[in-house]
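Here is a short briefing on one protein chain. Keep the structure open as you read, and find each element as it comes up.

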Amino acid sequence: MVIFDCDGVLLDSEIIADQTLLSSLERWLPDVLPRHHPLRQQGVLEEWMVPTCGKTLQQILQQLAEDGGIEVPDAQAEQIDQAIEAAVTSQVQAVPGMAALLASLEKPWAVASNSSSARLQKTLTAAGLWDLCAGKAFSTDAFRPKPAPDLHLHLAAQHGVAPQECVVIEDSPTGVQAARNANMPVHGFIAGQHMNAFRIEQLSQAGVQSLLHTTHQLQALLQA
């Protein structure tokens, strides 16, 4: 069984979400941060955000509170979440070649995402992948989010497959850790526009079995 992450693997959406989150925080933080707070320095917030790839917005804002001492009010968090959803839904595209890959897979497969079920359907529809993914796309709405292994283990059990017999495709250390916590082999997919040298190194250090640069390489792995 193949278990795909969604954002950054099926969809080239992480760069859109990152840019929207960054711009939202840059507009809001100067009103609440002390004048000499490190996050007010040029480029510091963007650098701080890089390791948050794959985490939920709630996890990111919790980390912001821990690292920067900044509590984001619920109303502000909701505005940011809505801005991200609007931007991704209006701009997202599937990773090139992904629709053909999914259509050609003979193995059972599913999508395991930290996004909400509603957002999964919206973004996959916007990218033209929902018809392929309907009934196969699952959210952590009813499970602990990644890096917890709950959804991965649920999908394996539902298909009657041992965790070791699954293959997980991920683009973030958070997702890689979820797969490893489930005792599933995991490969890093780095075709998204959000991937840079630092994120690729993070992914490698997280414990992936290989790094796949293109959908062609991914298809070769899954058809082997």
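Start with two helices in contact: I16, A17, T20, L21, S24, L25 and W28 in α1 meet Q76, I80, A83, I84, A87, V88 and Q91 in α4. The residues of this contact divide into 10 nonpolar, 4 polar and no charged. The model is predicted.

**How α1 and α4 pack**
- Helix α1 covers residues 14-28, and helix α4 covers residues 74-91.
- The two pack at an angle of about 145 degrees. Their axes are 9 Å apart.
- The crossing of α1 past α4 is right-handed.

**Helix α4 by itself**
- α4 has 18 residues. From its first C-alpha to its last it reaches 26 Å, close to the 26 Å expected at 1.5 Å a residue.
- Which residues of α4 are buried? They are Q76, A77, I80, I84, E85, A87 and V88.
- These buried residues of α4 pack against α1, α3 and α6 (117-126).

**Helix α3**
- α3 spans residues 57-68, so look for 12 residues there.
- Its reach from first C-alpha to last is 16 Å, close to the 16 Å expected at 1.5 Å a residue.
- Buried in α3 are L57, I60, L61, Q63, L64, A65 and G68.
- The buried residues of α3 pack against α1, α2 (44-49) and α4.
- Just after α3 comes G69, which takes a positive phi of about 70 degrees.

**The sheet**
- 6 strands form an open sheet, and the pairing is parallel. The order is β3-β2-β1-β4-β5-β6.
- Which strands lie at the edges? They are β3 (137-139) and β6 (211-212), and each pairs on one side only.
- Helix α8 (residues 150-158) packs on the sheet. It touches β1 (2-4), β2 (109-113), β3 and β4.
- The direction of α8 makes about 160 degrees with that of β2.
- Strands β4 (residues 167-170) and β5 (residues 186-189) run parallel, joined by 3 bridges. Here E170 stands opposite G188 in β5.

- Is β2 mostly covered or mostly open? It is mostly covered: 5 of its 5 residues are buried.
- W109, V111 and S113 point one way from β2. A110 and A112 point the other way.
- β1 and β2 run parallel, and 3 bridges join them. F4 stands opposite V111 in β2.
- β2 also pairs with β3 in the parallel sense, again over 3 bridges. V111 stands opposite A137 in β3.

**Loop residue D141**
- Where is D141 found? It sits in the loop between β3 and α8.
- D141 counts as exposed because its relative accessible area is 52%, and exposed means over 50%.
- D141 and S113 are 28 residues apart in sequence. In space they are 9.2 Å apart, C-alpha to C-alpha.
- Leaving aside neighbours within four places in sequence, D141 is in contact with S115, S116 and S117.

Definitions and conventions. Residues are numbered from 1 along each chain as its sequence is written. This is a predicted model: local features need pLDDT of at least 70, side-chain atom pairs count only at pLDDT 80 or more; totals for chains, interfaces and linings use all residues. Side-chain values use heavy atoms; hydrogens and water are left out. Axes are lines fitted to C-alpha atoms, for helices over the stretch in contact, and angles run from 0 to 180 degrees between N-to-C directions. Helices (H or I, at least four residues) and strands (E, at least two) are DSSP runs, numbered from the N terminus. A crossing is left-handed if the near helix is turned anticlockwise from the far one by less than a right angle, and right-handed if clockwise. Contact means heavy atoms within 4.5 Å. Ala, Val, Leu, Ile, Met, Phe, Trp, Tyr, Cys and Pro count as nonpolar, Asp, Glu, Lys and Arg as charged, and the others, Gly among them, as polar. Two strands pair if DSSP finds at least two bridges between them. The expected span of a helix is 1.5 Å times one less than its number of residues. Buried means under 20% relative accessible area, exposed over 50%, partly exposed in between (1.4 Å probe, protein chains only).
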